[in-house]
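This briefing sets out the computed features of the structure shown below, grouped by topic.

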Amino acid sequence: MGDGPPSLWEWFGRNWDTGRADSIRTLLTDHVTMSFVPVVLALVVALPLGLACARWRWLYQPTSGLMNIVYALPSLPVFMLMISVTGLSQTTVIVPLAFYGVAVLIPAVVDGLDSVPDHVRQSAVAVGFTPLRRLLQVELPIAAPVVLAGLRVVAVSSISLVSVGALIGQGGLGGLFTRAYQNPFMPPVIVGIVLIVALALVADGLLVLAQRLLTPWVRARKEAAS
Amino acid sequence: MSWLTAFLGWLGEFFGDGANWTGSDGIPARLLEHLEFSALALALAVLVAVPLGLAIGHTGRGGVLVVVAANLARALPTLGLLVMFVLLLGASSIWPVIIPLVLLAVPPILVNTYEGIKGVDPELRDAAYGMGLRGGQVLGRVLVPVALPLILLGCRLSAIQVVATTTVAAYTGLGGLGRYVIDGFATKDYASVVGGSVLIVLFALFVQVVFALVQRLTVSPGVSRRLTIR
């Protein structure tokens, strides 16, 4: 190719693994960490809170009001305000993303539990399930599809939101965008967008797969109906 | 709690500085810019997405495409899209930045308008036809009022997205409140970063309040169940 600017593939090959902190491979690993951790945290926090809201109804309205506010907060200023607490680290991006996740997942958990038919709940009581076993073996499995649908939204939006963190130097693949802007050059932008969308599709696909494995009766019922 | 005192100190420094309240980079001017850019992007997105969503929901054609596109759009990194358009079109006007803002604002409105119209009780639709209303009248007088809460939800979600992305767009040279945050961060002026961030958060909350009011005023009491029919 001589002296001209490198092509997309050439640039990708040359920067995939340079051993430095800004090689694409490192950015990709950082990106996966910074989007995966908030999703797990969000699920761990939202599950008990959602259960509490479903159990004690009066809790739900104030909680969902608060979560609507949390969801409406723009990410960049929230990252900036977090800096004064957590410094310039991955935590500064991970914590706000986890909060957004909780905001989406609490309603999903409550809706999921609401989707459990009353006669099913009563049957479980009638055949002698204790409340805990009823929750774990009857209610949560039936709620799973709705919760997983929420989890898909959270996973995909976390993966794309991490890149905003690049503006505070903690954005995983988003770092490719700031690099491309400072030194005007298109290949990093294309590589960044493609990798982030691909990552989101993979995460979404895995969650769809999880949904199939966790709730085999949904598909069995569909097949029986057709 | 040393970070709290530092935080309050920065706030006092930012809001207490008289110079921050006047001129083209003063708070009123930046606030107005932020409002202008957000409103422009949202208005364009509504103009595109609502008619399209109504048509697709009413005719039932192309629905799957809308849902897939909306899911895919969620995966698009806003910063990447902004940088791509600015590199492609240059930064001579605001349009290279407004176009991605609109692109990101369309999907939530489109999908919610479509779902709203599609989700209207078919009996209600049949009743409207039975009363002698024509296609357009059914849409305008029955389907849209019933679907309005979802259409407004779509607009609210887009507004959240637009306000946030307008902030990020300051990185690619757009004005607005994001300037304080981006410039302050670049020059280690933390009073400006913290003050600007607080302003943006307040602005985002203000937008939510406006949407809550609009919803209250425009959604028919029968649809919002504020009026219970016995």
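A salt bridge is taken here as a side-chain nitrogen of Lys or Arg within 4 Å of a carboxyl oxygen of Asp or Glu. By that rule, the side chains of Arg25(A) and Asp17(A) are joined, with N and O 3.1 Å apart. The model is predicted: local features need pLDDT of at least 70, side-chain atom pairs count only at pLDDT 80 or more, and totals for chains, interfaces and linings use all residues, while side-chain values use heavy atoms, with hydrogens and water left out. Residues are numbered from 1 along each chain as its sequence is written, and chains are lettered from A and ligands numbered from 1 in the order in which they are written.

**Architecture of chain A**

- Chain A has 10 helices and 0 strands; helices (H or I, at least four residues) and strands (E, at least two) are DSSP runs, numbered from the N terminus.
- The C-alpha trace of chain A extends over about 80 × 45 × 25 Å along its principal axes.
- Of the 226 residues in chain A, 43% are buried, where buried means under 20% relative accessible area, exposed over 50%, and partly exposed in between (1.4 Å probe, protein chains only).
- Among contacts in chain A with a separation of 6 or more, 73% are between residues 24 or more positions apart; a contact means heavy atoms within 4.5 Å.
- The accessible surface of chain A is about 11300 Å², with 67% of this on carbon and sulfur atoms; such areas come from the Shrake-Rupley method with a 1.4 Å probe, and for residues only the protein chains shown count as cover.

**Annotated spans**

- An unreviewed UniProt entry assigns "domain: ABC transmembrane type-1" to residues 28–207 of chain A; UniProt positions are given in the numbering used here, feature names are shortened, and annotations may be inferred rather than shown by experiment.
- That span of chain A is 83% helix and 0% strand, and its end C-alpha atoms are 20 Å apart.
- For chain B, UniProt (unreviewed entry) lists "domain: ABC transmembrane type-1" at residues 31–211, a span that is 84% helix and 0% strand with end C-alpha atoms 18 Å apart.

**Salt bridges**

- Over all chains, the structure contains 10 salt bridges.
- Arg25(A) counts as partly exposed because its relative accessibility is 44%, and Asp17(A) is likewise partly exposed at 44%.
- Arg152(A) pairs with Asp204(A), the closest N and O atoms being 2.8 Å apart; this links helix α7 (residues 131–161) to helix α9 (residues 186–214) of chain A across 52 residues.
- Arg152(A) is partly exposed at 25% relative accessibility, whereas Asp204(A) is buried at 18%.
- Glu139(A) is buried, with a relative accessible area of 8%.

**Interface of chains A and B**

- The contacts involve 39 residues of chain A and 40 residues of chain B.
- The two chains bury about 3200 Å² between them, 84% of it on carbon and sulfur atoms; buried area is the accessible area (1.4 Å probe) that two parts lose on being put together, summed over both.
- On the chain A side, Leu81(A), Leu167(A) and Tyr181(A) lose the most area to chain B, together 19% of what that side buries.
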